[in-house]
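Welcome! Here is a short briefing on the protein you are about to see. Take a moment to turn the model around before reading on.

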Amino acid sequence: MFRLRTLRRALCAAAAALLLPLAGATGSAHAATAPGAGYWHTSGRQILDAAGQPVRIAGINWFGFETANYVVHGLWSRDYKSMIDQMRSLGYNTIRLPYSDDILKSTTVPNSIDFSNGKNADLQGLNSLQVMDRIVAYAGQDGLRVILDRHRPDAGGQSALWYTSSVPESTWIADLKALASRYAADPTVIGIDLHNEPHDPACWGCGDTTVDWRLAAQRAGNAVLSVNPDLLVFVEGVQTFNGVSGWWGGNLMGVAQYPVQLSVANRVVYSAHDYATSVAQQSWFSDPTFPANMPGVWDAYWGYIFKQNIAPVWVGEFGTTLASTVDQKWLAALVSYLRPTSTYGADSFQWTFWSWNPNSGDTGGILKDDWVTVDTVKDGYLASVKAPLFPSTGTGTGGGGGGGGGSSTASCSASYAVSSDWGSGFNADVTVTNTGSTAIGSWTVSWTWSGSQQVTNMWNASYTQSGGTVTAVNAAHNGTVPAGGSVSFGFGGAPGGGVVPSVSCSAA
């Protein structure tokens, strides 16, 4: 069954309220030992950094470069740095950036960027590739990595094959090589997803060079590695193998018989896409054993590659509106299948959720329609599979934190803000800032309410409450905070928020 993604028309008016940027990450004294430094390679089912330490991609898709805006969406409302900082604060450590080959044309000019009140000031006058450079650079300074995703041949729409009559294979490969060369000196870009969601008539292992996606991936992968041998090569599946169909790009059954073989060893990461009923129906959703049947489905289509230690598997896209009970059960089951970080560490499936953007018509996003507010329910489903951030790859000041005159001992401060209050309940956000001159590895925040408030739920931290005193401790993915950097967590409480309490923070 195929999938149609419809993008709602994005509103170009600026949002009424903008989230203040969080301080970004900078290099720290601990960067040399933190997992993720340098270029990455594979070993069996794991991805390892330059020092041989396993890493886990736990990221988000931020689309737009593949559309007629020729730039990531939301810049009509927000500064790009504030969004990357927000991704970081939520514990996403990787950004998948879809693009079309149109952005490599010299005549392409990005549009729908708001420059008012100083927003996106350093993007004025830049072409699409130059804007991508700025996003990559800032993500790297913030401790995030980037995967470039050749999503479409042009901004007009998705294609079944990697080429079309107007964008031949030669252009596809030339553009892949151009991007690989462009970022050859920047380990922020860890790899390239060669083509998004190949589907019928694309085949895997049939031998017909005009439709055999596995052979095309080998040609393109070797071309990429010829100019940048340090990159990972991400290869998606197809729709149908041996008469068995699934999601576009989600069928990797052919890998067992026909693995992708590249000229540089230990570079292939297989990528699957998986969706819920808000995208399309599939037979497994109506199975009477659902959702207990889903691990077997995933095993058959792509999970076996990881479980048999053939290669790493990255679920490059998965998402849902969460509107139906079926979708809620599906997402809970998939997150469990991906393996909790607290139990398995980086010996787990890799992933990037679809999407950061709210304007994906059949899934929605982590952000709500104002491009500021976080869908805490959706984000909360992903908490157990988030993973640590990576060392900064930037030489600048990131989001504005640079250590400076801070103390050499671990120290932090915390700010508390009520985001909504409806009388019988409220939501609040707490921002933790490293005020020292070296990275901290953990933090604890506490406060005491003067009223009868009780925490009802908390995300991106764990808590205990005794009377009116609440103690919140970092989650596994956001305990490490570079000097000058910030992370956030949020919670719901009841009854109303009352008087904002004084907040204390301790770090180690």
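## A first look at the fold

Among contacts in the protein chain between residues at least 6 apart in sequence, 76% join residues at least 24 apart. Keep in mind that this is a predicted model. The chain contains eight helices and 21 strands. Its radius of gyration is 22 Å, close to the 23 Å that the globule rule gives for 508 residues, so the chain is as compact as a globular protein of that length.

**Size and surface**

- If you follow the C-alpha trace along its principal axes, the protein chain spans about 70 × 55 × 45 Å.
- Of the 508 residues in the protein chain, 58% are buried.
- The protein chain has an accessible surface of about 17,600 Å², and carbon and sulfur atoms account for 54% of that surface.

**Charges**

- The protein chain carries 27 positive and 35 negative charges.
- The mean positions of these positive and negative charges are 2 Å apart.

- You can find His-151 in strand β6, which covers residues 145–152.
- Is His-151 buried or exposed? His-151 has 2% relative accessibility, and because buried means under 20%, His-151 counts as buried.
- The side chain of His-151 also has a partner: a polar contact of 3.4 Å joins it to the side chain of Asn-196.

Key. Residues numbered from 1 in each chain as written. Predicted model: local features only at pLDDT ≥ 70, side-chain atom pairs only at ≥ 80, totals over all residues. Heavy atoms only, no water. Helix = DSSP H or I, 4+ residues; strand = E, 2+ residues; numbered from the N terminus. Rg over C-alpha atoms; globule rule 2.2 N^0.38 Å. Buried < 20%, exposed > 50% of the residue type's maximum accessible area, 1.4 Å probe, protein only. Contact = heavy atoms within 4.5 Å. Areas by Shrake-Rupley, 256 points an atom, 1.4 Å probe, with all protein chains shown as cover. Lys, Arg positive; Asp, Glu negative; His and termini not counted. Charge placed at Lys NZ, Arg CZ, Asp CG, Glu CD. Polar contact = N/O pair within 3.5 Å; in protein donor to acceptor, adjacent residues only side chain to side chain.
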